[in-house]
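Hi everyone, thanks for making time this morning.

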Amino acid sequence: MPEPLVEPSIFSEAPDEAIRLAIRRVMDEQSVSDLEGLELDTVIVNMGPQHPSTHGVLRLVVTLDGELIRDVIPVIGYLHRCKEKLAEKRTYYQYIPIVDRTEYLASMNCEWGYVMTVEKLAGIRPTRRAEFIRVIVGELMRIASHQVAVGTFVADLSPLGTAMVFYAFRDREKILDLLEAVSGARMMFNYFRFGGVRFDLPDGWVEKCRHVLADLPQRIDEYENLVNDNAIFLQRCIGKGVITQQDVVDYAITGPNARASGVATDLRRTRPYSVYPELDFDICLGEHGDVYDRYKVRIDEMRQSVKIVSQCLDMLPKGPVQLGTLRAPYTLAPPPGSAYVGQENPRGEYGTYIVSDGSRYPYRLKFRDPCFINLQIFPKVLRGVKIADAIAISGSFDMVLGGIDR
Amino acid sequence: MDWGGIWSASEPFVRAVVAILIAYAVVFVAALVNILFERRTLAFMQDRLGPNRTGPQGAFQSIADAIKMMGKEDFSPAKADKILFTLAPLMVMIGAVSVQLVIPYTKGWTGQDLNVGLIYLVAITSFTVLSILVGGWASHNKYSLVGALRGGAQMVSYEIPMILALLVVGAIVGSWSLNAVVAWQQHYHWLVLYAPFTFLLFYIASIAELNRGPFDLPEGESELVAGYSTEYAAMRFGMFYLNEYAGMTIMSMIIVTLFFGGWEGPLADLLTVGGVALVPILWFVIKTYLLVFALVWVRLSLPRLQVDQLMSFAWKILIPLGLANIGVVAAIILWAPQWKLSLAAYGWVALLLFVGLFDRVLRWRLRRQRARQPKVTEGAVGIASSAAVSE
């Protein structure tokens with residue numbers, strides 16, 4: 001009798017449902033109903049939740065055939081903190097700092113989306129100066145977020161990337177200093193208020209900001225010089241993990257990942273909010289939709305954000321940064337109804353949907369997180385590539401687990 | 001008593017003991033120094049400080065790390081093959097220690113001047129791959145296994161271009177002994193001047209042998225967690241770690257001996273104790289550490305290759321080039337008038353051609369590939385294009 005290649009105990013002792021599912025899929029593929037007949041050239045590997053390059057606690061159950069990936073099952077929920085449920089037990093005002101913690105690399109933008117939704121629900125219009133300040137901090141946050149994205153992506157490819165990470169974080173530090181001067185915090189800002197922002201810009205901040213902005217384009221050039229012309233880097237990026245435009249539509253991919261495939265979806269233009277219609281900037285598009293284009297689009301977007309912030313600093317009007325009429329935001333109770341506002345986060349459309357029953361607490365709150373939606377295409381793009389490619393591809397998607405799990 | 005007679009009888013024994021002690025000392029000191037050296041150099045290149053708190057300029061950082069490592073729990077996974085799991089970190093040092101037997105550190109000191117030194121080098125340095133394979137297999141971990149298999153395939157593949165380069169050295173010098181290689185270089189000039197292309201081939205292959213970036217696939221941290229050493233903790237891991245860093249120095253010592261004149265330098269006979277010249281040790285160390293610096297530099301500046309790229313680089317580029325190189329060198333030595341000059345001319349032309357063309361050809365191919373790659377923007381209907389949005 002030939003020795004069974006997989007002990008039946010592997011199946012019954014599989015630690016959880018995801019691995020059992022992976023085994024089941026292998027069995028279906030080989031159309032065997034019994035583990036005895038299973039060929040063992042496939043290996044099921046658990047990547048994550050503690051893995052150096054899943055950028056958080058994303059877990060991928062990967063079925064390997066040698067170095068080739070046959071199947072991927074993403075498992076999420078390791079960072080679930082009941083963010084949406086928490087909203088139902090807090091007033092609208094109390095919930096602002098919690099929004100920060102959903103997609104923590106772009107907390108300013110997340111707050112912005114939430115605050116805009118509540119404003120739409122309650123019929124509040126923020127002051128004009130506050131609108132400009134919102135754009136400024138939002139775009140600075142976008143630069144900082146893309147710096148992390150690009151730095152960690154290159155770091156996944158090589159020790160060379162460690163240099164990239166340090167260069168990117170060195171420059172991100174300056175942006176965080178600016179945001180700290182504005183809000184008092186470096187990561188969880190709690191800065192947006194209904195009808196405005198919490199503090200006005202401190203004295204001399206505009207000059208400081210201009211100083212940082214003048215420096216940034218050179219820094220971005222520096223990132224590009226480091227890797228763009230490197231043949232090994234290009235070899236690992238070009239033509240890998242292609243997403244077609246049909247995929248973008250089918251999977252509702254948004255943000256830089258969609259723009260890298262040439263789909264011009266940018267809510268700042270397609271569904272404009274705040275003062276974006278008055279500003280001059282381009283939507284950065286890729287042509288091939290591969291790993292390299294996703295990296296390149298982010299680099300280009302940093303340049304565009306620098307342009308936007310400079311314009312805002314020039315156009316910055318005088319006036320209050322909060323509505324004088326809204327005396328007690330704590331007791332804000334929007335009329336019954338629901339509102340959805342999509343906001344262009346560094347990773348895509350960050351939508352906030354709120355249902356109000358007229359009380360001081362949201363009846364239901366739901367986030368449409370770009371990372372969560374973009375993650376859905378993982379099994380499709382990762383199937384059939386090598387492990388090393390998979391790392392490059394998953395790095396190029398720029399996942400933030402705080403957003404996915406909420 | 002006949003002290004002289006006793007000394008002459010026991011001298012080989014004493015020398016052997018001292019040679020062994022030196023071999024171990026070099027491995028451990030080199031590892032500790034290199035770890036710090038690399039961390040500080042990388043920090044310098046990456047615009048940060050690096051470890052600078054433990055002792056002056058962080059000098060004791062590695063020692064502190066070593067003490068920490070020894071103090072950790074000696075852990076082994078439940079399903080690991082206990083014997084092999086223990087054996088692998090014990091074996092890993094064999095290569096680094098015993099290869100020093102044939103290296104002439106200075107004038108008048110070689111552990112044992114084997115007349116097959118060059119072959120011994122290749123044979124003994126491949127012990128590392130054995131312990132990587134054994135360790136990866138015994139860990140009962142899939143990451144370890146993939147890392148070990150990658151390591152095995154890589155080191156076996158890159159050994160061939162390395163041997164091909166060594167054959168050239170042997171052909172030029174006319175001997176397999178490392179002392180003869182150094183003596184030859186003293187008589188003429190450094191071998192790197194005659195055979196720069198061979199040196200390049202050897203250097204690339206030796207980086208791959210060391211499992212260092214851009215060839216650090218066996219432990220590619222972003223893919224395989226820590227590769228073959230994933231399940232190792234405490235001093236078992238420490239042995240792998242020490243070996244990797246000691247390997248930098250050992251390999252640089254070999255390269256210095258083969259191509260950069262070994263211990264050769266000015267004032268060789270200034271200070272001599274018991275027939276062993278001391279000043280050349282300094283030159284040897286300086287040359288070695290310049291090469292170690294180059295290793296760190298290369299690691300920082302190049303992204304990691306992929307497995308298929310790594311293999312095709314070895315089998316499709318390095319090995320054919322190595323074979324062609326051997327043929328040309330042999331022909332020149334046999335038939336060319338003034339063969340040393342012709343050899344140097346050929347070597348430099350080949351080097352410049354390789355360095356100048358390789359990257360360009362690679363990038364040209366990538367550009368062509370990029371141009372041929374289908375654009376996803378074409379042929380899609382009913383999806384917002386840039387023209388529709390710009391109003």
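Let's begin with B:Gln46 and its contacts: once neighbours within four places in sequence are left aside, this residue is in contact with A:Thr162, A:Ala163 and A:Phe166. Please keep in mind that we're looking at a predicted model.

Where does B:Gln46 sit in its own chain? You'll find it in the loop that runs between helix H1 (3–45) and helix H2 (61–71) of chain B.

Now let's zoom out to the interface. In total, 46 residues of chain A are in contact with 37 residues of chain B. Several elements of chain A each supply at least two residues to the side touching chain B, among them strand S1 (42–47), helix H6 (128–157) and helix H7 (160–183). If you sort that side of chain A by class, you get 23 nonpolar, 16 polar and 7 charged residues.

Finally, chain A as a whole. It has 17 helices and 8 strands. Its radius of gyration is 23 Å, close to the 22 Å the globule rule gives for 406 residues, so chain A is as compact as a globular protein of that length. Buried residues account for 52% of those 406. And of the contacts in chain A between residues at least 6 apart in sequence, 70% link residues at least 24 apart.

Thanks, everyone!

How values were computed
Residues are numbered from 1 along each chain as its sequence is written. Chains are lettered from A and ligands numbered from 1 in the order in which they are written. This is a predicted model: local features need pLDDT of at least 70, side-chain atom pairs count only at pLDDT 80 or more; totals for chains, interfaces and linings use all residues. Two residues are in contact if their C-beta atoms, placed from the backbone, lie within 7 Å. Helices (H or I, at least four residues) and strands (E, at least two) are DSSP runs, numbered from the N terminus. Ala, Val, Leu, Ile, Met, Phe, Trp, Tyr, Cys and Pro count as nonpolar, Asp, Glu, Lys and Arg as charged, and the others, Gly among them, as polar. The radius of gyration is taken over C-alpha atoms; the globule rule is 2.2 Å times the number of residues to the power 0.38. A residue is buried if 20 or more other C-beta atoms lie within 10 Å of its own, exposed if 12 or fewer, and partly exposed in between; C-beta atoms are placed from the backbone.
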